[in-house]
Amino acid sequence: MERTLLWQAKQDYLAQCLKRTLNVPGLTAEIGVYLGGTTRFIATNNHGKAHIAADTFGPGIIGATSKDQHVNGDFNVNGNEVLNYLHVLPNVIPIVGYFPQSFQYVHARYSFVHVDLDTYQGTVDSLDYFWDKLNTGGILLYDDWQWDNCKGVTEALQEFLTKVPAHFEQGQHQLALTKQ
Ligand SMILES: C[S@@+](CC[C@H](N)C(=O)[O-])C[C@H]1O[C@@H](n2cnc3c(N)ncnc32)[C@H](O)[C@@H]1O
């Protein structure tokens with residue numbers, strides 16, 4: 001995989017989780033696209049499903065708080081360059097802007113969502129938004145679980161697991177939540 005921050009073992013775990021969900025109905029999505037490498041991988045290996053690619057596409061992180069090690073503006077990129085890189089993939093639907101407001105007019109159900117926002121608030125919002133929209137057998141895969149530079153992500157996931165009895169499995173500083 002090119003253009004991703006995920007090291008090889010993380011890429012392998014993502015691929016494994018995606019594969020497990022291929023027979024589950026629903027779209028795939030990535031929230032936190034950065035340079036587009038993981039979105040390209042998911043979109044080209046999801047058996048032709050529509051794939052939503054959501055990011056600010058330019059300004060980088062928005063919504064960081066004192067719970068996070070990253071700050072607003074981290075991971076800023078040339079958004080047009082990333083959108084051009086993804087443009088060749090006919091099943092990719094880019095959603096540009098601040099998540100979750102950017103999903104205001106999106107109505108879909110999902111089989112696999114990779115969430116890689118690096119913040120407490122982004123993780124809370126994505127759990128609120130996607131868990132109920134995940135079909136049975138679907139997976140919400142979080143990056144940065146128990147990663148020292150993203151403590152807010154772990155905190156938000158731990159809070160969620162105290163409230164919702166979700167089936168979870170740990171990857172390489174990744175957490176996969178499966179809808180049963
Ligand atoms: C660590 S990067 C994603 C890395 C990417 N998945 C990869 O494999 O290389 C985090 C991304 O989340 C995006 N992001 C963070 N908070 C966001 C928010 N609230 N709405 C939209 N995008 C956000 C940033 O713009 C950045 O591109």
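Me: What should I know about the numbering and the model?
Reply: Residues are numbered from 1 along each chain as its sequence is written. The model is predicted, so local features need pLDDT of at least 70, side-chain atom pairs count only at pLDDT 80 or more, and totals for chains, interfaces and linings use all residues.

Me: Which residues have the most contacts inside the largest nonpolar core?
Reply: In soluble globular proteins, nonpolar side chains tend to be buried together. A residue is buried if 20 or more other C-beta atoms lie within 10 Å of its own, exposed if 12 or fewer, and partly exposed in between; C-beta atoms are placed from the backbone. A nonpolar core is a set of buried Ala, Val, Leu, Ile, Met, Phe, Trp, Tyr and Cys residues joined through C-beta atoms within 7 Å. Here the largest core has 43 residues, and Val-113, Leu-140 and Tyr-142 have the most contacts inside it. Strand β5 (residues 134-143) gives the most, five residues. Helices (H or I, at least four residues) and strands (E, at least two) are DSSP runs, numbered from the N terminus.

Me: What is Tyr-142 in contact with?
Reply: Contact means that two C-beta atoms, placed from the backbone, lie within 7 Å. Leave aside neighbours within four places in sequence, and Tyr-142 is in contact with Val-115, Thr-123, Val-153, Leu-157, Gln-174 and Leu-175.

Me: Is helix α4 largely enclosed or largely open?
Reply: Count its buried residues. Eight of the 11 residues of α4 are buried, so this helix is largely enclosed by the rest of the structure. Among them are Tyr-120, Gly-122 and Phe-130. The buried residues of α4 pack against β1 (27-31), β4 (110-115), β5 and α5.

Me: How do α4 and α5 cross, and at what angle?
Reply: Axes are lines fitted to C-alpha atoms, for helices over the stretch in contact, and angles run from 0 to 180 degrees between N-to-C directions. The axes of α4 (residues 120-130) and α5 (residues 151-163) come within 7 Å and cross at roughly 30°. In α4, Tyr-120, Thr-123, Val-124 and Leu-127 meet residues of α5 including Val-153, Leu-157 and Phe-160.

Me: Where is Trp-145, and is it buried or exposed?
Reply: Trp-145 sits in the loop between β5 and α5. Trp-145 is buried, because 20 other C-beta atoms lie within 10 Å. Its contacts beyond four places in sequence include Val-153, Leu-157 and His-173.

Me: Which residue of that loop has a positive phi?
Reply: Most residues other than glycine have a negative phi, and most peptide bonds are trans. Asp-144, in the loop between β5 and α5, has phi near 75°. Asp-144 counts as buried, because it has 26 C-beta neighbours inside 10 Å. Tyr-34 also has a positive phi, about 55°. Tyr-34 lies in the loop between β1 and α2 (37-44).

Me: Where is the cis peptide bond?
Reply: The bond runs from Phe-99 to Pro-100, with omega near 10°. Pro-100 is in the loop between β3 (92-96) and β4.

Me: Which residues come nearest the ligand?
Reply: A residue is near a molecule if its C-beta atom, placed from the backbone, lies within 6 Å of it. Of the 23 residues around the ligand, Thr-4, Gly-32, Tyr-34, Phe-99 and Asp-116 come nearest.
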